[in-house]
Amino acid sequence: MNYKSKISIGGTLIWYYYICKREVWLIGHGIEPEQENDYIILGRHIHEMFYQNRKKELIIDNTIKIDIIPGKKVIGEIKKSTRYLESAKMQVAFYLYYMKKEKGVKMEGLLLVPEERRRIKVSLTPEVEKELERAISDIERILNMEKPPPAVKIPYCRRCAYKNMCWA
Ligand code: SF4
């Protein structure tokens, strides 16, 4: 696996990787969920309400979309809550990894949780980088599977856009 193929994974798949491996496969294979998920709609609404005009969106190589905080070398990611904090941190770390490896730019990360009025710093430490490399390799393994991994019931299933597909 070369470095370029690793980077095409994308931050969203990294987020899901730490939630549900089956969802990684479904998203990665372009399987459309049956309906738009309320959680996603709410996330967008929060994004618009709190951060319109306060940040700029940056699209890198048509694959990775990140928010940048004007005037700072910071990549920001907005979340609805800190419930899936580890996933969110790894998603931001992935963007830092991308900027370092692909663009040669060292940046810091910031998770913004407006509803909880929280700002959480994320740094690309050597340990985090190693864990990311492991996760990226495992995502590639999952995407190469012929069938999705079996469904495993987790609390996130309640809000998952694929819940009817997995549990109907
Ligand atoms: S419904 Fe549950 S098992 Fe199915 S993809 Fe979503 S999180 Fe994974």
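This is a predicted model: local features need pLDDT of at least 70, side-chain atom pairs count only at pLDDT 80 or more; totals for chains, interfaces and linings use all residues.
**Ligand site**

The ligand takes up the space of the largest cavity. Its surroundings are C20, E23, A151, V152, I154, Y156, C157, C160, K163, C166 and W167. By class, the shell holds nine nonpolar residues and two charged ones, with no polar residue. Helix α7, residues 163-167, gives the largest share of this shell, namely three residues.

**Cysteines**

The shell around the ligand includes C160 and C166. How do they compare in accessibility? The table lists both.

| Residue | Relative accessible area | Class |
|---|---|---|
| C160 | 10% | buried |
| C166 | 21% | partly exposed |

The cut-off for buried is under 20% relative accessible area. C160 is buried because its value is 10%. C166 counts as partly exposed because its value is 21%. Across the whole structure, a search finds zero disulfides.

**Helix α5**

Helix α5 spans residues 85-103, 19 residues in total. From first C-alpha to last, α5 reaches 26 Å. That is close to the 27 Å expected at 1.5 Å a residue.

Which residues of α5 are buried? They are S87, A88, M90, Q91, V92, A93, F94, Y95, L96, Y97, Y98 and M99. Just after α5 comes G104, with a positive phi of about 65 degrees.

How values were computed. Residues are numbered from 1 along each chain as its sequence is written. Side-chain values use heavy atoms; hydrogens and water are left out. A residue is near a molecule or strand if one of its heavy atoms lies within 4 Å of it. On a 1 Å grid over the protein atoms alone, a cavity is a set of points where a 1.4 Å probe fits but cannot get out, and a pocket is an open set with protein on both sides within 12 Å along at least five of seven lines; lining residues have an atom within 4 Å of a point. A molecule sits in a cavity or pocket if more than half of its atoms lie within 2 Å of its grid points. Helices (H or I, at least four residues) and strands (E, at least two) are DSSP runs, numbered from the N terminus. Ala, Val, Leu, Ile, Met, Phe, Trp, Tyr, Cys and Pro count as nonpolar, Asp, Glu, Lys and Arg as charged, and the others, Gly among them, as polar. The expected span of a helix is 1.5 Å times one less than its number of residues. Buried means under 20% relative accessible area, exposed over 50%, partly exposed in between (1.4 Å probe, protein chains only). A disulfide is a pair of cysteine sulfur atoms within 2.5 Å.
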